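The exercises below are to be worked with the sequence and the 3D structure at hand. Each task is followed by a solution in steps.

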Amino acid sequence: MIVVGTDGSRAGLRAVEWAAREAMLHRVTLRVVHAMPAWAHGMREEGRYAEVGRWMRDNAAAVVSEAVTAAHAAEPEADVSSAVVPGDPRSALIEASRDAELLVVGNHGLGGFRGLLVGSAALGVAAHAACDVAVVRELPSPVRREVVAAVDGSPRSDAVLARAFAEADLRGAGLHIVHARARGGPARSGEDRIARMLSEITAGWRERYPDLKPVERVVTGHPVDVLRDACADAELLVVGSHGYGDFRALVLGSVSHAMLHHAPCPVIVTRARTNGTS
């Protein structure tokens with residue numbers, strides 16, 4: 001199942017449409033989730049603020065209805081369910097992610113989702129969701145049929161490669177595996193060592209997906225600049241939820257903030273696999 005958070009904003013609806021296409025591509029169901037304040041969600045029909053509560057519940061129902069309509073407009077055959085849930089949007093989405101294989105959100109929003117992907121709230125969703133998280137920005141047009149994977153050689157790179165190889169294979173797209181090498185780093189021999197490392201960590205995945213011919217590159221520069229250039233017009237960028245070296249801050253600081261806001265394509269933040277699961 002894919003879960004998508006919506007708030008009625010244009011960014012939220014764009015995320016819903018993308019999620020619907022992903023659900024059809026992956027042959028899974030789509031669940032549309034909208035969060036509203038718990039006090040209004042469970043308010044009795046009579047009382048001092050009953051009218052306010054009814055208005056908020058009606059608005060929430062309208063937001064969900066519009067999102068379901070948008071999902072079916074994008075993919076008429078999609079299997080779509082919906083829910084209005086009580087609580088803070090971040091906590092609600094994290095809870096909803098426990099039954100999902102992918103959680104999808106827009107990069108900006110209004111109302112309850114204002115700031116969801118700005119600063120600490122975004123980092124909280126990406127760090128604590130029980131599944132991979134997709135952040136949908138403006139979609140490139142025309143799109144280059146390529147998935148870009150950001151790896152740093154840490155054990156968590158395996159989760160990135162697992163997702164990237166699977167997505168590229170499913171989409172019939174090319175795969176571009178990128179390692180950002182800091183300026184002033186080791187000389188040519190060091191670069192060769194990194195290239196060998198990339199080849200080693202991708203060997204098993206290349207055997208598993210023999211029809212894919214991934215391009216592996218070591219690029220000198222700041223990770224944000226390297227990734228932004230690499231995924232320009234790409235179909236998807238896949239990054240890790242944690243990392244070391246140049247990618248340590250990918251979802252924990254400024255690099256994360258920059259990519260979630262400025263990547264020119266949708267971004268999937270992967271969770272580390274445990275015993276073969278996400």
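**Exercise 1**

At what angle do α1 and α6 pack, and how far apart are their axes? Classify the arrangement and list the residues that make the contact.

Solution. The model is a predicted one.

Step 1. The packing angle of α1 and α6 is about 80°, and their axes are 11 Å apart.

Step 2. Angles of 65 to 115 degrees count as roughly perpendicular. α1 and α6 are therefore roughly perpendicular to each other.

Step 3. On the α1 side the contact is made by Trp-18, Glu-22, Leu-25 and His-26. On the α6 side it is made by Arg-163, Glu-167, Leu-170 and Arg-171.

Step 4. By class, the residues in the contact of α1 with α6 are three nonpolar, one polar and four charged.

**Exercise 2**

Describe how α1 packs against α3, giving the angle, the handedness and the residues in contact.

Solution. 

Step 1. Helix α1 covers residues 10–26 and helix α3 covers residues 50–74. They pack at about 45°, with axes 8 Å apart.

Step 2. That angle makes α1 oblique to α3.

Step 3. The crossing of α1 past α3 is right-handed.

Step 4. α1 contributes Leu-13, Val-16, Glu-17, Ala-20 and Arg-21 to the contact, while α3 contributes Glu-66, Ala-67, Ala-70, Ala-71 and Ala-74.

Step 5. Sorted by class, the contact of α1 with α3 holds seven nonpolar and three charged residues, and no polar ones.

**Exercise 3**

Solution. 

Step 1. Glu-167 and Glu-235 are separated by 68 residues in sequence, and their C-alpha atoms lie 9.9 Å apart.

**Exercise 4**

Solution. 

Step 1. Arg-27 is not a glycine, yet its phi is positive, about 60°.

Step 2. With a relative accessible area of 41%, Asp-233 is partly exposed.

Step 3. The peptide bond from Ser-141 to Pro-142 is cis, with omega near -5°.

**Exercise 5**

Summarise the protein chain: how many helices and strands does it have, and what share of its residues is buried?

Solution. 

Step 1. The protein chain has nine helices and 10 strands.

Step 2. Of its 278 residues, 51% are buried.

Step 3. The accessible surface is about 12,800 Å², and carbon and sulfur atoms account for 50% of that surface.

Step 4. Take the contacts between residues at least 6 apart in sequence: 78% of them join residues at least 24 apart.

Key: Residues numbered from 1 in each chain as written. Predicted model: local features only at pLDDT ≥ 70, side-chain atom pairs only at ≥ 80, totals over all residues. Heavy atoms only, no water. Axes fitted to C-alpha atoms, helices over the stretch in contact; angles between N-to-C directions. Helix = DSSP H or I, 4+ residues; strand = E, 2+ residues; numbered from the N terminus. Parallel < 35°, antiparallel > 145°, perpendicular 65-115°, else oblique. Left-handed = near helix turned anticlockwise from the far one by under 90°. Contact = heavy atoms within 4.5 Å. Nonpolar A, V, L, I, M, F, W, Y, C, P; charged D, E, K, R; others polar. Buried < 20%, exposed > 50% of the residue type's maximum accessible area, 1.4 Å probe, protein only. Areas by Shrake-Rupley, 256 points an atom, 1.4 Å probe, with all protein chains shown as cover.
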